[in-house]
Amino acid sequence: MTRAPYLFISPFFVLYALFMLVPILVGIALSFTEWTGLGTPVWVGFRNYTELFRDPSFWTALGNTAIYTVVTMAVVLPLSLFLAMAINARGLRLRDMFRAVFFIPVVVSPIVIALVFGLFFDQQYGLVNALLRAVFGFGGIEWLTSPAWAKVVVIILVLWRWTGYLTIFFLAGLQNIPRELYEAASLDGAGDIRSFWHVTLPQMKPISAFIAVTVLVSTAQIFEEPFLLTRGGPGEATMSIAQFIYRAGFERQEFGYAAAGGVVMFLAVFVIGRMLYTSLGIGKAK
Amino acid sequence: MRRPGASRDTSRPLIFIALALVGLFWLFPLVWALFSSFKQRSDLFGYPPTLIPADPTVLNYVSLFERYPFVSWFLVSTVIAVVSTVITVFVCSLAGFGFAKYEFRGKRALFDIMFSSMAIPFAVIVVPLFIMLAKTGLAQPWFALIVPWVAPAFGIFMMRQFSEQAIPDEILNAARIDGAGEFTIFRSIVAPLLRPGLGALAVWSFLNAYNNFLWPLIVVGDPDMYTLPLGLQAIFGAEGRQYDIVLAGSILAAIPSVIVFIALRKQLIDGLAAGAVKS
């Protein structure tokens with residue numbers, strides 16, 4: 001055959017080499033140095049890594065990111081599946097409109113969303129506290145200034161922003177399930193709940209695996225939601241790993257340290273993601 | 001005997017009503033932002049909060065244009081998003097077609113490399129990439145905001161799925177017998193057949209570039225080159241938290257992305273879904 005396919009895929013591989021592979025290698029090299037951006041980097045061996053694991057801020061950021069990831073997997077994923085099943089209900093009118101309505105949050109710039117949520121959850125003037133006061137008689141919750149509540153707000157924001165996006169993937173998966181399977185289950189006397197466990201869930205396994213890995217990779221690098229909402233605050237209460245790296249690199253000019261944080265994150269995400277991909281056998285070339 | 005799906009039929013109106021209520025709830029933050037952008041400042045922070053402005057004003061929009069180079073931010077964002085989109089669609093459809101319709105040595109390994117690059121977190125390359133660009137003098141917005149991002153693996157993956165579904169081998173073989181070159185075949189036969197997929201990829205790519213925040217925050221230092229998200233962030237970070245003006249700016253910034261989405265929503269949603277499911 002011709003050289004054509006190589007030429008067709010070459011732009012990707014050139015860009016991949018220049019802007020992904022080389023930066024990863026540079027990042028690994030940089031992580032063994034100390035460098036403020038001026039002069040030449042000084043080789044320090046594994047010091048950045050040992051410091052990283054002694055740095056309480058790093059553990060806080062890691063813990064916060066783990067909370068965001070686990071909650072997203074445990075809450076947003078099932079919620080999206082549930083929403084997809086509702087939208088997939090046979091004979092539902094305005095199906096396409098519902099898909100679009102729930103999808104719209106990802107279309108809007110995160111800064112717009114963070115701003116609106118910041119106003120909603122403002123302790124003094126916010127709509128949420130005003131509603132709580134009107135309905136329950138109390139409404140002084142420090143949504144954005146208490147470490148625990150601030151995390152809750154970040155999670156609500158993530159939930160609002162990503163549920164509709166994931167729904168469309170589940171919906172596509174549901175629409176791919178042959179109807180005969182449900183009819184057979186129904187003839188066997190299975191009710192809605194039984195057929196959910198025995199038809200829907202097994203049939204949805206491949207698409208769910210794909211979605212789960214996508215969610216893992218994107219939540220592990222969450223940056224915009226907590227950064228725009230509270231700058232990672234109060235203190236470091238909502239700071240994510242991505243913001244930790246951003247802060248080390250671009251606010252404190254500790255490029256070697258930031259690079260080491262990046263390498264640790266890369267290993268964690270890439271290894272877990274890759275293992276999931278291979279074990280579930282998705283994305284194989286035919 | 002129980003009619004299959006009988007219970008589903010009776011619950012359908014209930015599902016419709018539930019979805020409609022949750023949907024209204026979902027849209028509320030955006031609707032609230034739209035109404036609030038016409039509020040006076042005192043109204044915005046009044047108690048109890050209201051949805052409808054008591055005394056609607058366009059003053060927030062007027063001050064936005066008087067005090068900030070909003071038009072410039074808008075142009076920078078739009079030009080960058082459009083240029084990125086055009087290049088992305090070209091690069092991804094070419095590569096997706098290459099992976100879908102050719103057999104060649106190393107295909108499987110190359111595909112795996114491409115596919116697994118989706119699992120590389122951006123935060124890993126952000127520091128070294130910035131340093132590389134800064135040291136080579138390429139950290140200018142026009143280059144740094146466009147070139148490194150025009151070959152997203154997800155786009156290639158999506159275009160491979162579309163190519164497999166939409167392009168019959170017979171057409172390609174017939175064209176080859178007629179003596180057409182491979183690139184001519186791509187341009188004159190494949191591209192038109194891929195059109196729905198190209199539309200989906202274009203919207204996806206436009207929205208990504210237009211809404212991008214972290215990378216512009218790092219690369220763009222010059223206020224004259226601010227993109228919309230950076231400009232909004234600057235207003236918001238300025239003295240006195242100008243919620244009123246920034247709300248007006250947010251609404252205007254959201255308009256292009258919402259219009260693009262509404263116009264091409266079916267293509268985008270179906271396209272994303274098709275890319276993920278048919279693997």
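Predicted model: local features only at pLDDT ≥ 70, side-chain atom pairs only at ≥ 80, totals over all residues.

Biologist: Why does A:L94 count as partly exposed?

Modeller: The relative accessibility of A:L94 is 46%, and because buried means under 20% and exposed means over 50%, A:L94 falls in between and is called partly exposed. This residue lies in the loop between α3 (56-87) and α4 (95-107) of chain A.

Biologist: How many aromatic pairs does a search of the whole structure find?

Modeller: Over all chains, the search finds 59 aromatic pairs.

Biologist: Why is the pair of A:F196 and A:W197 called edge-to-face?

Modeller: The ring centres of A:F196 and A:W197 are 5.6 Å apart and the angle between the planes is 75 degrees.

Biologist: What makes the pair of B:F154 and B:W204 tilted?

Modeller: The planes of B:F154 and B:W204 stand at 40 degrees, with the centres 5.2 Å apart; because under 30 degrees would count as stacked and over 60 as edge-to-face, the pair is tilted. B:F154 lies in helix α8 (residues 153-166) of chain B and B:W204 in helix α11 (residues 195-211) of chain B, so the pair ties together parts that are 50 residues apart in sequence. Both B:F154 and B:W204 are buried.

Biologist: Which residues form one aromatic cluster?

Modeller: That cluster is formed by A:W35, A:F223, A:F227, A:Y246, A:F250, A:F255, B:F130 and B:F213.

Biologist: How do you know that A:R231 lies over the face of A:F227?

Modeller: A:R231 is 4.4 Å from the ring centre of A:F227, and the distance required is within 6 Å. A:R93 lies over the face of B:F16 in turn, at 5.3 Å from the ring centre.

Biologist: What makes the meeting of A:D96 and B:K266 a salt bridge?

Modeller: The distance from N to O between the side chains of A:D96 and B:K266 is 3.8 Å, and because a salt bridge needs the nitrogen within 4 Å of the carboxyl oxygen, the name applies. Across the interface of chain B and chain A, two salt bridges are found.

Biologist: How many residues does the contact take from chain B and from chain A?

Modeller: The contact takes 102 residues from chain B and 100 residues from chain A. Between them the chains bury about 9400 Å², of which 78% is on carbon and sulfur atoms.

Biologist: Why does A:T230 count as buried?

Modeller: The relative accessibility of A:T230 is 15%, and buried means under 20%, so A:T230 counts as buried. A:T230 is found in helix α11 (residues 224-230) of chain A and touches A:L144 and A:T238, leaving aside residues up to four places away in sequence. A:I207, which is found in helix α10 (residues 205-220) of chain A, counts as buried at 7%.

Biologist: Where does UniProt place the feature "transmembrane region" in chain A?

Modeller: UniProt, in an unreviewed entry, lists residues 12-32, 66-88, 100-121, 152-172 and 255-277 of chain A. In the model, residues 12-32 of chain A are 90% helix and 0% strand, with end C-alpha atoms 30 Å apart, while residues 66-88 of chain A are 96% helix and 0% strand, with end C-alpha atoms 32 Å apart.

Terms used
Residues numbered from 1 in each chain as written. Chains lettered and ligands numbered in written order. Heavy atoms only, no water. Helix = DSSP H or I, 4+ residues; strand = E, 2+ residues; numbered from the N terminus. Buried < 20%, exposed > 50% of the residue type's maximum accessible area, 1.4 Å probe, protein only. Phe/Tyr/Trp six-rings, centres within 6.5 Å; stacked < 30°, edge-to-face > 60°. Lys NZ or Arg CZ within 6 Å of the ring centre and 35° of its normal. Contact = heavy atoms within 4.5 Å. Buried area = accessible area lost by both parts, 1.4 Å probe. UniProt positions renumbered as here; feature names shortened; annotations may be inferred.
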